[in-house]
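Visitor: I am new here. Please show me the structure, and I will ask how you know what you say.

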Amino acid sequence: MTGNHEYASVRYLVDDVAAAVDFYTTHLDFRLGADAAPAFAEVLRGPLRLLLSGPASSGARATPEDAADPGRNRIHLVVDDLAAEVERHRAAGLPFRSEVVAGPGGRQILLADPAGNLIELFQPAGQARAATAAP
């Protein structure tokens with residue numbers, strides 16, 4: 001097997017590769033890796049390699065029609081300050097698909113990319129307490 005083993009790769013099917021690249025690089029701190037738009041691009045953030053496959057890509061063509069819609073799966077991005085991230089993304093007019101939900105592990109909200117794929121912004125509980133503690 002060949003390929004770059006330093007990354008965990010996830011493929012998202014998108015309608016518009018350029019719009020997806022712009023979304024991830026502008027709003028979520030990804031950097032552009034390979035760019036073969038309009039068929040395909042990859043964006044990188046830490047150990048995550050997000051493969052953005054347009055309708056003409058082999059990844060999209062291999063997907064059965066009944067599985068081509070964005071699903072309930074999502075990438076999970078840990079953030080230091082969820083409230084600040086929500087405010088920043090709302091100011092940019094980005095579409096949220098949920099409100100902030102809190103649980104024993106932390107707080108999260110779901111954001112949608114231009115194709116409707118979900119991104120979970122998550123602040124762990126330990127960071128939530130630390131962010132609100134007085135110095």
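Guide: Glu42 sits in strand β3, residues 40–45. Strands are DSSP runs of E with at least two residues, helices runs of H or I with at least four, both numbered from the N terminus. This is a predicted model: local features need pLDDT of at least 70, side-chain atom pairs count only at pLDDT 80 or more, and totals for chains, interfaces and linings use all residues. Residues are numbered from 1 along each chain as its sequence is written, and side-chain values use heavy atoms, leaving out hydrogens and water.

Visitor: Why is Glu42 called buried?

Guide: Buried means under 20% relative accessible area, exposed over 50%, partly exposed in between (1.4 Å probe, protein chains only). Glu42 has 13%, so it is buried.

Visitor: Which residues does Glu42 touch?

Guide: Contact means heavy atoms within 4.5 Å. Leaving aside residues up to four places away in sequence, Glu42 touches Arg31, Leu32, Gly33, Ala34, Arg49, Leu50 and Leu51.

Visitor: What makes a nonpolar core?

Guide: It is a set of buried Ala, Val, Leu, Ile, Met, Phe, Trp, Tyr and Cys residues joined through side-chain atoms within 4.5 Å. The largest one has 26 residues; Phe30 and Ile75 are among those with the most contacts inside it. Strand β3 is one of the elements that each supply at least two residues of this core. Helix α1 gives the most, with five.

Visitor: How many helices and strands are there in the protein?

Guide: Four helices and eight strands. Buried residues make up 37% of the protein's 135 residues.
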